Amino acid sequence: MKLLVTGGAGYIGSHVVRAAEAAGHSCVVVDNLSTGLVKRISCPIVELELASPDSVSLLARLMREHKFDSVIHLAARKQVGESVQKPEEYFLENLGGLGNLLLAMREVGLKSLVFSSSAATYGMPDVDLVSEDYPGVPINPYGQTKLIGELMVKNAEVWGLKGVNLRYFNVAGAGASDLADTAALNLIPIAINAIKAGKAPVVFGTDYPTPDGSCIRDYVHVEDLALAHLAAVDYLVGEGQQFRTFNVGTGVGASVIEVLAALKVASGNDFEVSIGERRAGDPPRLVADVSRIEQVLGFRTKHDLASIVQSAWDAS
Ligand code: WQD
């Protein structure tokens, strides 16, 4: 198949492109290169600001030229803290970009879209395993843009769009050293940077209602996540498929303390750990119910926490 991957030069997008190419698909990437790196990919790349007014005609022209079978839309701003400080930018870029993409797809009759969504749409769920039907309310502008984005995808059914929303849980690891997460905004890369600087990684709170007191998350290997996109594309090109939303996680939770213990093994370094204050807005537990994606897409993750942390360490 021929795929248009927006945000394909990013950490997750480049894994999607590499997995797609390995599966025999060909890709064209659209990316504004704000955080993306050209060196991560070898397919054609078009530098484009999706939220800019002229992007609809540029995208439509690109779509007519390449006759894509599907679009995988990852391009977005994704820093929760920044979204609280600059909500307008998040709404304009994330939703303006998606709106322009949908307008172009509608114009050329391209009707298959995989949308990069997030477990941030759930806010502060109070269940052991969060299913896609959980009535979550996002607690920050980033999560709000993802939830509204999902609705935009759903609304486009009116002109025949078949869309899949993938709600990513905590994405980590690397499929190759040149695809590593260079941003260091999440626990595993932050902790790796700390260790390399000879500093103690900080646990944000050990007084949560969890077995060891630290927060529990569902860490999913970025290579597994990339394959979930391909499963979604395969699903969409099948006959009679409908708009669906899927969690992408492992269904297994790990606490911050367990992640750092895995990192001690991966790095061979018995580093000190510092216990800090809670960080505002952290749910104690956020773990995916993965039954829908397993049943409908036949998709299962392959990597466990040890493999995620080892690959992140090896790529750092
Ligand atoms: C994980 C756990 C921290 C750093 C975020 C977004 C979410 C999604 C994924 C995009 C938490 C703890 C962290 C540190 C720590 N993004 N922590 N010490 O907040 O679960 O999810 O990324 O879709 O929307 O909110 O990820 O990696 O920041 O934190 O103890 O130095 O690690 O408190 O419990 P989070 P994270």
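In this predicted model, helix α8 (residues 256-267) and helix α10 (residues 305-315) have axes that come within 9 Å of each other and cross at roughly 55°. Helices are DSSP runs of H or I with at least four residues, and strands are runs of E with at least two, numbered from the N terminus; axes are lines fitted to C-alpha atoms, for helices over the stretch in contact, and angles run from 0 to 180 degrees between N-to-C directions. The pair α8 and α10 is therefore oblique, given that angles under 35 degrees count as roughly parallel, over 145 as roughly antiparallel, 65 to 115 as roughly perpendicular and the rest as oblique. On the α8 side, Glu258, Val259, Ala262, Leu263, Ala266 and Ser267 meet Leu305, Val309, Gln310 and Trp313 of α10, contact meaning heavy atoms within 4.5 Å. By class, this contact of α8 with α10 holds 7 nonpolar, 2 polar and 1 charged residues, with Ala, Val, Leu, Ile, Met, Phe, Trp, Tyr, Cys and Pro counted as nonpolar, Asp, Glu, Lys and Arg as charged, and the others, Gly among them, as polar.

Helix α10 also packs against helix α6 (residues 187-196), at an angle of about 50° and with the axes 10 Å apart. This makes α6 and α10 oblique to each other, and their crossing is right-handed. Ile188, Ile192, Ile195 and Lys196 of α6 form the contact with Ile308, Val309, Ala312 and Trp313 of α10, a set with 7 nonpolar, no polar and 1 charged residues.

Another pair is helix α1 (residues 11-22) with helix α7 (residues 222-237), whose axes lie 8 Å apart at an angle of about 60°. As a result α1 is oblique to α7, and α1 passes α7 in a right-handed crossing.

Turning to the domains, an automatic or database domain assignment divides the protein into domain 1 (2-171 + 221-248) and domain 2 (172-218 + 250-315). Taken over C-alpha atoms, the centres of domain 1 and domain 2 are separated by 24 Å. In the contact between them, 36 residues of domain 1 touch 33 residues of domain 2. The two domains bury about 3300 Å² between them, 58% of it on carbon and sulfur atoms, where buried area is the accessible area (1.4 Å probe) that two parts lose on being put together, summed over both.

Residues are numbered from 1 along each chain as its sequence is written, and side-chain values use heavy atoms, with hydrogens and water left out. In this predicted model, local features need pLDDT of at least 70 and side-chain atom pairs count only at pLDDT 80 or more, while totals for chains, interfaces and linings use all residues.

Definitions and conventions
A crossing is left-handed if the near helix is turned anticlockwise from the far one by less than a right angle, and right-handed if clockwise.
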